[in-house]
Amino acid sequence: MIYMDNAATTRPDPDALRRAEIYLTEKYFNPSGLYREGFELNKELDSARKNILSCIADEEIFDLIFTSCGTESDNTAVFNFGRRGNIVTTAGEHSAIISTVNEQKNRGVEVRIAPLNGDSTVNIEALLDLIDEKTSLVSVIHVNNETGAINDVNEIARLAKERNPRIIFHTDGVQSFGKIPFRMQKHIDLYSLSAHKIGGLKGIGALIFKKKLLLRPFIFGGGQEKGRRSGTENVFGIKTLEYACEKKFKNLKADGERLVGYKDLMERELNPSIFRVISPKNSSPYILCLSASKCRGEILLHMADDEGLVIGTGSACSSNSKTRYSRVILASGYDEATADTVIRISFSPETTREEVEEAVKILNRSAKKLADKMV
Amino acid sequence: MEKVIIIRYAELFLKGKNRGYFERAFSNNIEKALQGISHELIKTSGRYLVENFDVEETEKIVSRLKKVFGIHTMSIALRVSSSMADIAEAAKSISRKKGRFKVETHRADKKFPMHSVEVSAEIGGLLLETYRGLSVDIHEPEFTVYVDIRENGTTLVFSEFFEGPNGMPVGTAGRGLLLISGGIDSPVAGHMIAKRGMKVDCLHFHSYPYTNMQAKEKVVDLAKTLASYEGGLNLYIVSVTKIQEAIHEHCAEDLMVTLLRRFMFRIAERLAKNTSHQCLITGESLGQVASQTIEGMTSSNSVVQDLPILRPLVGFDKNEIIERSVAMGAYEISILPYEDCCTVFLPKYPAIRPKMNYILEEEAKLDVDGLIKEAFETIEKIEIK
């Protein structure tokens, strides 16, 4: 099986699993335990926290809490800082943001959605125009999970704070953390990340936040994470994140360059009479979003699956028009007919050139077969 | 004082000489529904009693019995010896503490020393003395305490009637094969026919890779919902992908649905004969969609040679069907947005009143037998308990 749906989840990194195994078998203690073993484990958690944080942020200014996933991190950001006035966000957000701001809308907070450019990056001018003195939170996705489009969030945060210095700026970095070179600058206040997109375990995420911010919990209990997020820590999961991070950031540049090569190869070799690239130039090396003319994305996905290639799709065989087409693809200006044909190939550093070549063959073959039937 | 559940049956009492057959099926179905819960099922005159069960399981038992066709009503009762002191004690323990009430007594044991009216008056009086918040209202009571004095020296005291699903015991009216989609209608059609006592199994057509696995899983869930009223059923799944592709390739676009349905009915009849089903059942409702016109139905009927096709919903409005779907517990599953039939091949303008000549002409372009044979090779059987 060739796995190319790494933007959905990655295979847990075997090295990270092996190294973290000791936290299942020997160091299984509760980090809140008052005995020496618990205390030491707690210190190890703090060192993991620092190691992960330092990959993209200055430890003197920022701190990090562990959560259960990227979605929880996004929810924590919105429910903490999008509570009054208005929230400004983009049409390119993951549903972890869109659904959460919609919940805030039901609770009386105004929500303003900035449109996207044709390349699915946010229209910065339009976004800035939505910010006013009542804006409490601005949230802009770093790398779009469907097209791989990259928003320059440091710059956008700077410009946003020029409009209103009191806003809190959040970015969903789930598809960028450990994948593209990036450091948080001072204008970004909050950053969400997830372990299982980079070889860590599912069930672990984190929210990086400025130390000066008062982060209120919405999970109460034993006071873990300095009271900001209670619940016994998933030490094993956290350690897989730490080890996966270590590897990812060490090879960030080399991995990125190799994957860009794979993307180019695919773009070159895929049948041009069927496939059209949706991902913009300079998008994430990890995501290649395509439209396959006359081929409904999900059908192509099933056909590729039957041939041993696992990919993602932006559309679904859904009778509900609201869930049928990708919001992001439509917001980027594509029509429903195109949105119906979108597939997403997403790589990991484990992806090999041979796999890419084989995937091209399978996609060309399946799409041709399907397109012929659609005539 | 012991808790028992009284089961009163629906139309069984109409049955004459074959009543025993119906009663056996009925009690078997009850036993099947209560599998895994320790209990005893006792037949008494005109009713059944569930007894010797763990009182903690009462709610579970009632909820399972609510799905056994043939049950008219149920009551959770206290069984005591037929002495006024014990009856009074039971009445006190089930009575509300305040409100308007009455006591209604039924005396099957004609040797009991008091008349029904006297028993009601005495028990009512005791309740009034016990709870100051009570007042008697025999015309519009807020609740009623029922006292049922049986012939065997015991009395059942209860205050509520739970509605059963009515109908006839499943298995007493033959076997039918339901063409089930992932929509709202077909499970309702199956439920209605099962309610009349027929053992209904299901046949579903899918067209992977044009439809997804979730759509198939949704049908399994719908079949499970129907199965919960029947004590299990068989779900057959057949792929019509090749048939859809062949129609798309060779035939007029506007006949896709008409021709596909003719294939489905042919496959259904052949399967039904192999599996000893005596009829086909569909959820068609006249005029609901383009294929459910009288012409569409005529076209489908004409390929079925020997079996009757039951269409219990034919005269129903969509709203009526939805009400029944909600009541049987299928609606939430039916409205999940997975397509059960591939829409990529659906014509923009399907033939609403296709002429038979036209249909036959187009169908002649296909290897009908070959395609059906191929479809049969994909058959999958899922036994739902």
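**Stop 1: a serine in chain A**

Start by selecting A:S120, which is buried, with a relative accessible area of 3% (buried means under 20% relative accessible area, exposed over 50%, partly exposed in between, with a 1.4 Å probe and protein chains only). Before you click on, note that this is a predicted model: local features need pLDDT of at least 70, side-chain atom pairs count only at pLDDT 80 or more, and totals for chains, interfaces and linings use all residues. Residues are numbered from 1 along each chain as its sequence is written, chains are lettered from A and ligands numbered from 1 in the order in which they are written, and side-chain values use heavy atoms, with hydrogens and water left out.

Back to A:S120: its phi is positive, about 65°, although it is not a glycine. You'll find A:S120 in the loop between strand 4 (110-114) and helix 6 (124-130) of chain A. Helices (H or I, at least four residues) and strands (E, at least two) are DSSP runs, numbered from the N terminus.

**Stop 2: strand 3 of chain A**

Now select residues 86-90 of chain A, which make up strand 3. Five of the five residues are buried, so this strand is largely enclosed by the rest of the structure. Show the side chains: A:N86, A:V88 and A:T90 point one way, while A:I87 and A:T89 point the other way. Opposite A:N86 you'll see A:E110 in strand 4 of chain A.

**Stop 3: the nonpolar cores**

Which residues have the most contacts inside the largest nonpolar core? Select A:M4, A:M266, A:F275, A:I345 and B:L280; the core has 72 residues. A nonpolar core here is a set of buried Ala, Val, Leu, Ile, Met, Phe, Trp, Tyr and Cys residues joined through side-chain atoms within 4.5 Å. The largest share of this core, 10 residues, comes from helix 8 of chain B. Apart from this core lies another, of 52 residues, among them A:A16, A:F62, A:F177 and A:C245.

Now centre on A:I345. Leaving aside its neighbours within four places in sequence, A:I345 is in contact (heavy atoms within 4.5 Å) with A:M4, A:M266, A:Y286, A:I287, A:L288, A:L290, A:I311 and A:L363.

**Stop 4: chain B, two domains**

Switch to chain B and colour domain 1 (2-163) and domain 2 (175-384) separately; the bounds come from an automatic or database domain assignment. Their centres, taken over C-alpha atoms, are separated by 43 Å. The contact takes four residues from domain 1 of chain B and seven residues from domain 2 of chain B.

In chain B, pick strand 4 (residues 71-81), where eight of the 11 residues are buried. Strand 4 of chain B runs antiparallel to strand 1 (residues 2-9) of chain B, and eight bridges join them; B:I5 has B:I76 as its bridge partner. Strand 8 (residues 154-158) of chain B also pairs with strand 4 of chain B in the antiparallel sense, over four bridges, with B:T154 as the partner of B:S81.

**Stop 5: an open sheet and a cis bond**

Next, show the six strands of chain B that form an open sheet in the order 14-13-10-11-12-15, with mixed pairing. Strand 14 (309-310) and strand 15 (380-384) of chain B stand at the edges, each with a single partner strand, so one side of each is left without a neighbour in the sheet. Strand 11 (residues 199-206) and strand 12 (residues 233-239) of chain B pair in the parallel sense over five bridges, and B:F205 stands opposite B:V238.

Follow the chain to B:Y208 and B:P209, joined by a cis peptide bond with omega about 10°. B:P209 is in the loop between strand 11 and helix 6 of chain B.

**Stop 6: helix 12 of chain B**

Finish at residues 356-363 of chain B, helix 12, where B:I359, B:E362 and B:E363 are buried. They cover an arc of only 100° around the axis, which puts them on the same side of helix 12 of chain B; the arc is that of the directions from the helix axis to the C-beta atoms. On the other side of helix 12 of chain B, B:N357 and B:E361 are exposed. The buried residues of helix 12 pack against helix 7 (241-250), helix 8 (256-274), helix 9 (294-301) and helix 13 (368-376) of chain B.

Conventions. Two strands pair if DSSP finds at least two bridges between them.
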